[in-house]
Amino acid sequence: MEIKIVKIVTGETVIGTKVSDYLEDVALIQVIPSSGGIQLAILPYGFPFEEKIGGKIPLDKIVYEFKDVPDDIKNKYLEAKSDIKISSTMPGSSLDFNLIK
């Protein structure tokens, strides 16, 4: 299972699991500025009409692939996808995650 963060042809930033020729279980990543830095919202790509993370995007719709996916973002994605809480420590992290399901 290879988790990737990518920009797609629509300009949106999404996270998903890379399978042979597509990205599956796609979630939208929204960056929200706040007084303490930034917050990331990870939500289903079909939100507000779909409540679960899913769907597929063909790899030919990807225009940019981020080199690394930080472990804290991977864990939050897996939590949002599975509804299972993953315990992790994020020392020094200024990111605040809001999981909207």
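Trainee: How do the side chains of Glu 2 and Lys 4 meet?
Mentor: In a salt bridge, 3.1 Å from N to O. The term means a side-chain nitrogen of Lys or Arg within 4 Å of a carboxyl oxygen of Asp or Glu.

Trainee: Before I go on, what kind of model is this?
Mentor: A predicted one: local features need pLDDT of at least 70, side-chain atom pairs count only at pLDDT 80 or more, and totals for chains, interfaces and linings use all residues. Residues are numbered from 1 along each chain as its sequence is written, and side-chain values use heavy atoms, with hydrogens and water left out.

Trainee: Back to Lys 4. Which residue does it meet in the 3.0 Å salt bridge?
Mentor: Glu 65; the 3.0 Å is N to O. Lys 4 sits in strand β1 (residues 2-8) and Glu 65 in strand β6, so the pair ties together parts 61 residues apart in sequence. Strands here are DSSP runs of E, at least two residues long; helices are runs of H or I, at least four; both are numbered from the N terminus.

Trainee: Is Lys 4 buried or exposed?
Mentor: Buried, because its relative accessibility is 12%. The cut-offs are under 20% relative accessible area for buried and over 50% for exposed, with partly exposed in between (1.4 Å probe, protein chains only). Glu 2 is partly exposed at 39%, and so is Glu 65 at 35%.

Trainee: Which residues make up the salt-bridge network?
Mentor: Glu 2, Lys 4, Lys 18 and Glu 65. The count of salt bridges comes to five.

Trainee: What about Lys 76: which residue is its salt-bridge partner?
Mentor: Glu 79, with the closest N and O atoms 3.6 Å apart. They are three residues apart in helix α1 (residues 71-82), so about one helical turn separates them. Lys 76 is buried at 16%, and Glu 79 is buried at 5%.

Trainee: New topic. What is the order of elements along the sequence?
Mentor: β-β-β-β-β-β-α-β. That is one helix and seven strands.

Trainee: In what sense do β3 and β4 pair?
Mentor: Antiparallel, over eight bridges, with β3 covering residues 22-34. Pairing requires at least two DSSP bridges between the strands. A hairpin joins β3 to β4 through two residues, and Pro 33 stands opposite Ile 38 in β4.

Trainee: How many of the eight residues in β4 are buried?
Mentor: Six, so the strand (residues 37-44) is mostly covered. Across the chain's 101 residues, 34% count as buried.

Trainee: Now Thr 17. Where is it?
Mentor: In strand β2 (residues 13-19). Thr 17 is buried, at 5% relative accessible area. Its side chain makes a 3.4 Å polar contact with that of Tyr 77. A polar contact is a pair of N or O atoms within 3.5 Å; within protein, one must be able to donate a hydrogen and the other to accept it, and residues adjacent in sequence count only if both atoms are side-chain atoms.

Trainee: And which residues does Tyr 64 touch, not counting those up to four places away in sequence?
Mentor: Val 6 and Lys 7. Contact means heavy atoms within 4.5 Å. Tyr 64 lies in strand β6 and is partly exposed at 45%. Val 63 is in β6 too, which spans residues 62-65; Val 63 is exposed at 58%.
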